[in-house]
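Me: Can you go through this one with me? I'd like to start with how you use the words.
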Amino acid sequence: MSQFDIKSVTIDTDSGVPIVLETGLLARQADGAVLLKHGNTMLLATVVSAPEPKTGVDFFPLTVEYREKFAAAGRIPGGFFKREARPSDNEILISRLIDRALRPLFPETYQNETQIFVNLISADKNTPPDALACLAASAAIAVSDIPFNGPVSEVRVALFPDGNYQINPSQPQLAEARLDLIVAGTEQDIVMVEGEAREVSEGELVEALRVAHKAIQGQVKAQKELAAQVEKARTKRPIPPAEQDESLLALMREKVYPRFYEVFTSGNASKKDRKNQLKSIKEEFIAQLPEEEYVLKAGLIGRYLGELEWEAARQAVLDTRRRMDGRSLDEIRSLYIVPDYLPAAHGSALFTRGETQSVTTVTLGTKLDEQIIDLALHQGTQRFFLHYNFPPFSTGEVKPIRGVSRREIGHGNLALRALYPLVEEVVDNPYTVRVVSDILESNGSSSMATVCAGSLALMDAGIKIREHVAGIAMGLITGSDGRYAVLSDILGDEDHLGDMDFKICGTQKGITACQMDIKVNGLSFDILSEALEQARRGRLFILEKMNAALPKPREDFKPFVPRIVKIEIPRDMIGQVIGPGGKMIQDIQNTTGTTIVIDEVDGKGVVEIAGETAEAIEGALRRIRAIVAVPEIGETYEGRVVSNVAFGSFIEFLPGKQGLCHISELDWKRVNSADDVVKVGEVVKVKLIGTDEKTGKFKLSRKALLPKPENAESNGRQTR
């Protein structure tokens, strides 16, 4: 009898390649472990949760890590150490996809530190693993004894030009998709959405979510079947009850709630003022309590204050149909837009929406500035990338800065996805483009401010995107009585206290990117459709203001932007342009002050020349064209005298190409010695008059370019 008690379930897929979930063989000391197999792709997901709650925290201490093993794809990592090091941006983004789907489904009172690891241990380059990682992670929790309000699963849904939707298409198929969404959900509801699109409509997006949720329901059912086979999963750990003091809660509801409600209905537009008012109310209440009671119940009091603030903020919106800053439900905050804000940047824009502000720059570089991608499943370069920075002063806080946060990577990726479809369309863009958004103030929707500022900065830099892209964040407040309110352009507090954060980006024609996190069960497709339509109206309003500030890209790049010129040369001439050991190309760069990159593309040599001035580029072009030029009989060239011999002069008339100017072709008059006419090193104009039939050597003439004397004989000799 085997020592392993292996259990498994199989999930049918549209591709015909089933997904298999297996437990009992690998990582048995984890609280839960599942091996997901889909063709040659294998993901190992594990979960471990501490036996005791973590004290002194007011959040669920969950860590989610996704890693790709290079060996899974038959590769050795690059770099000096030749081993997997810190997670790549791609791994962090997939970790976030898993985390955002799982975190809301753990019980609120469960505070045991929990770690989830998902490792890609075998990879098929045609099967994107990001759409399978959450399924594996949720299945690992399902077969454990950890309490969880799941299962949950994620799928990719793609919309193709023929109007068909497909679940988890292959990597080659994705290249043709108009819509690429990762959707997470439980058996009843959608909980998370992330994706990009090529200007799809709101209706097409909603239909994609319907198709995705149907596939999710099948995967959730399979997880339940697997868990039912595992004895440990049948008895979950007890969920600690929330501490309660009804008399204290009643007192706080009487003393504190009305004052909270008043703050949220006052229409004060200042985040700082509201924060100070709420803080004052809390401090006044605590000051009225006996010291011994507060010490005994400090944690409970803090929790009740948070719950009453949450309730008051939501109830105020549902009752008054106004926001905490006085706006109507669909009103956009005031906009302040300044293109070309930084005079020395290649492109820039200041975009302020209420108390959220981004200064975004665009820098244009050469091919040498491309970002190198070295992942287990993808290698190459990319010429458009976006970085998002969120310093602590933007929210008036003091925090240590320890590298780029996962949040910054996620927000930057969303803005990148929103802008990329328009940048991708630009024909003959020779530049590597880096966009950097620095958030200087934040009160909600800073990633959407990045999209707007990024679009303006691209146009300011002279990148010929055909129209602007704008972003808006939508929120939702729901009540137990069935009332709800969809909020446009949400504040930070409305994100924190609300039920939904739905970011939608796009042009006037359609959606280019979206991200949604839902904190409430039972969000209907009708409410979702209403939110999308309200977002479309808000997006069009913002686009109108952006077009008023900068309606189209600059006609030309700014004077200090390096100019780039591309030319094609024969493939067999690449070596001559580079020269032995790079000597020729280095000399051209040094003497002209340019940067030159040569690539072989489709059997041709592509030369990219970047320089600060047109003169510098023209100088490099002349030299390169001279190197690759094919000598033409009858053409005139400037050449350098290499040597003089008894029968004439050898002249280099093109780089690497010499010809003989016979002594009879140096001048119309009789020449006894070549030294009498030209000196070694002298630059002279010559005409290519032919080639030697036997040797193929070039024949040059200087006298053919000189005026012919009247008494000159036909043989070129002057008569005596």
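Reply: Buried means under 20% relative accessible area, exposed means over 50%, and partly exposed is in between, with a 1.4 Å probe and protein chains only. On that scale Cys661 is buried, with a relative accessible area of 0%. This is a predicted model, where local features need pLDDT of at least 70, side-chain atom pairs count only at pLDDT 80 or more, and totals for chains, interfaces and linings use all residues. Residues are numbered from 1 along each chain as its sequence is written, and side-chain values use heavy atoms, with hydrogens and water left out.

Me: How many disulfides does the structure hold?
Reply: The count is 0, taking a disulfide as a pair of cysteine sulfur atoms within 2.5 Å.

Me: Is Cys134 buried or exposed?
Reply: Buried, at a relative accessible area of 0%.

Me: Switching to helices. What describes a packed pair?
Reply: The angle between the two axes and the distance between the axes. The axes here are lines fitted to C-alpha atoms, for helices over the stretch in contact, and angles run from 0 to 180 degrees between N-to-C directions. Helices (H or I, at least four residues) and strands (E, at least two) are DSSP runs, numbered from the N terminus.

Me: At what angle do α14 and α15 pack?
Reply: About 155°, with the axes of α14 (residues 583-592) and α15 (residues 614-628) 9 Å apart. The two are therefore roughly antiparallel. The cut-offs are under 35 degrees for roughly parallel, over 145 for roughly antiparallel, 65 to 115 for roughly perpendicular, and oblique for the rest.

Me: Which residues of α14 and α15 make the contact?
Reply: With contact meaning heavy atoms within 4.5 Å, α14 contributes Met584, Asp587, Ile588, Thr591 and Thr592, and α15 contributes Ala616, Gly619, Ala620, Arg623, Ile624 and Ile627. By class that is 6 nonpolar, 3 polar and 2 charged residues. Nonpolar covers Ala, Val, Leu, Ile, Met, Phe, Trp, Tyr, Cys and Pro; charged covers Asp, Glu, Lys and Arg; the others, Gly among them, are polar.

Me: And α5 with α8, at what angle do they cross?
Reply: Roughly 50°, and the axes of α5 (residues 246-255) and α8 (residues 291-320) come within 10 Å. That pair is therefore oblique.

Me: Which residues meet there, from α5 and α8?
Reply: Leu248, Leu249, Met252 and Arg253 in α5 meet Glu293, Lys297, Leu300, Ile301, Tyr304, Leu305, Leu308 and Glu311 in α8. The classes are 8 nonpolar, no polar and 4 charged.

Me: Backbone now. Where is the cis peptide bond?
Reply: It joins Gly150 and Pro151, with omega about 0°. Pro151 lies in the loop between α2 (130-142) and β7 (153-159).

Me: What is phi of Asp428?
Reply: Near 55°, a positive value in a residue other than glycine. Asp428 lies in the loop between α9 (406-425) and β17 (432-441), and is exposed at a relative accessible area of 72%.

Me: Then Ser445, buried or exposed?
Reply: Ser445 counts as buried, at 9% relative accessibility. Phi there is near 65°, again positive in a residue other than glycine. Ser445 sits in the loop between β17 and α10 (446-461).

Me: Last one. Where does Phe81 lie?
Reply: In the loop between β5 (62-68) and α1 (89-102). Phe81 is exposed, with a relative accessible area of 70%. From Phe81 to Lys275 is 194 residues in sequence and 49 Å in space, C-alpha to C-alpha.
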